[in-house]
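Dear colleague,

Please find below the structure that I am handing over to you.

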Amino acid sequence: MRPRVLAASGLALALLTGCAQSVDPIERLSEKAAQRVRPHEPAGPAERAYHHWGLAAPLAPAPKPSRASPARAAGRGLPPVVHRVRTRDKVVFLTYDDGAEKDPRFVDMVRELRLPVSVFLTDSVVGPGYGHFARLRAVGASIQNHTLDHPALRGLPYAGQRAEICGQQDKLRARFGTRPRLFRPPYGTYDTTTRRAAADCGISALVLWRASMTGTGDLTYTKGPGHLRPGDIVAVDPDEGTGLTLRERTLRLLRRVQERGLTVGRLEDYV
């Protein structure tokens with residue numbers, strides 16, 4: 001009988017000390033140790049990711065929009081053309097065009113810094129790379145319309161403009177399940193026909209920009225003061241063979257944003 005008693009005691013002790021094989025091993029680790037064995041977690045808390053990406057301080061949280069912008073309140077009729085948002089909120093908006101650059105590390109940057117970027121896609125440029133933008137969308141990016149083939153729309157007949165805009169609406173809906181609300185005309189050129197065709201395709205606003213970050217990492221401005229200010233829409237230009245990656249250009253832009261006491265807002269919350 002004594003061996004049975006010892007065996008039963010050993011089993012009871014194992015259960016009490018948490019050594020039963022039915023217990024998941026990760027449950028016995030400390031919180032820090034558990035974080036180390038989770039393969040998909042960032043190295044540290046999200047608010048510390050700025051160190052990894054080269055920022056001196058974390059981005060300030062974007063405020064909740066203080067009120068509906070004129071663009072959102074426009075209602076029926078031709079969609080407005082928006083260069084910047086009229087707001088007192090200390091936010092700017094980061095936008096990216098075409099879809100030629102598909103750096104997977106940029107997806108990590110958007111996820112870890114929680115950047116609410118907007119990406120305007122051209123079907124002929126994205127090609128077979130829609131999977132990359134599905135991953136980008138999954139970490140918080142917004143996918144918007146930039147035509148099928150990237151033509152300069154101004155002066156084209158209504159049928160041609162409508163085919164370019166609605167065609168990409170259909171493509172993006174098939175890929176992502178939703179039709180975009182925002183549209184950026186290639187090269188920033190448009191006319192009344194563009195706005196009419198966009199409205200007929202379900203677009204609520206044409207989005208241009210006031211500031212542009214060039215392939216060399218410099219900021220240029222279409223009008224107004226030569227510095228970032230609240231409500232600015234910034235277009236990050238595609239790579240021009242300068243050697244600066246999309247991450248490097250974005251980092252330079254984020255530093256300029258912080259220097260002006262601003263942060264990054266979600267464009268779709270305001271337009």
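In this predicted model, helix α7 (residues 158-176) and helix α8 (residues 192-200) have axes that come within 9 Å and cross at roughly 45°. The helices are DSSP runs of H or I with at least four residues, numbered from the N terminus. Axes are lines fitted to C-alpha atoms, for helices over the stretch in contact, and angles run from 0 to 180 degrees between N-to-C directions. The angle therefore makes α7 oblique to α8; under 35 degrees counts as roughly parallel, over 145 as roughly antiparallel, 65 to 115 as roughly perpendicular, and the rest as oblique. The crossing of α7 and α8 is right-handed, a term used where the near helix is turned clockwise from the far one by less than a right angle.

On the α7 side, the contact (heavy atoms within 4.5 Å) is made by Tyr158, Gln161, Arg162, Ile165 and Cys166. Thr193, Thr194, Arg196, Ala197, Ala198 and Asp200 contribute from α8. By class, these residues divide into 5 nonpolar, 3 polar and 3 charged. Here Ala, Val, Leu, Ile, Met, Phe, Trp, Tyr, Cys and Pro count as nonpolar, Asp, Glu, Lys and Arg as charged, and the others, Gly among them, as polar.

Helix α4 (residues 104-113) packs with helix α6 (residues 130-138), their axes coming within 9 Å and crossing at roughly 10°. This makes α4 roughly parallel to α6, and α4 passes α6 in a right-handed crossing. Pro104, Phe106, Val107 and Val110 of α4 meet His132, Arg135 and Leu136 of α6. The residues of this contact comprise 5 nonpolar, 1 polar and 1 charged.

Helix α4 also packs with helix α9 (residues 246-259), at an angle of about 30° and with the axes 9 Å apart. Accordingly, α4 is roughly parallel to α9. In this contact, Arg105, Phe106, Met109 and Leu113 of α4 meet Leu246, Arg247, Thr250, Leu251 and Leu254 of α9. The contact has 6 nonpolar, 1 polar and 2 charged residues.

Arg105 also forms a salt bridge with Asp108, the closest N and O atoms being 2.8 Å apart. A salt bridge is a side-chain nitrogen of Lys or Arg within 4 Å of a carboxyl oxygen of Asp or Glu. Because Arg105 and Asp108 are 3 residues apart in helix α4, about one helical turn separates them. A search of the whole structure finds 10 salt bridges.

His52, which lies in helix α3 (residues 49-53), touches Arg105 and Glu112, not counting residues up to four places away in sequence. The C-alpha atoms of His52 and Glu112 are separated by 9.3 Å, although these residues are 60 apart along the chain.

As to confidence, the protein chain has a mean pLDDT of 83, and 78% of its residues reach 70 or more; pLDDT is the predictor's confidence in each residue, from 0 to 100. Over residues 1-44, pLDDT stays under 50, and the model has 13 contacts beyond four places in sequence for this stretch. Where pLDDT is low, the predicted coordinates should not be read in detail.

Residues are numbered from 1 along each chain as its sequence is written, and side-chain values use heavy atoms, with hydrogens and water left out. Local features need pLDDT of at least 70, side-chain atom pairs count only at pLDDT 80 or more, and totals for chains, interfaces and linings use all residues.

Yours sincerely

Definitions and conventions. Helices (H or I, at least four residues) and strands (E, at least two) are DSSP runs, numbered from the N terminus.
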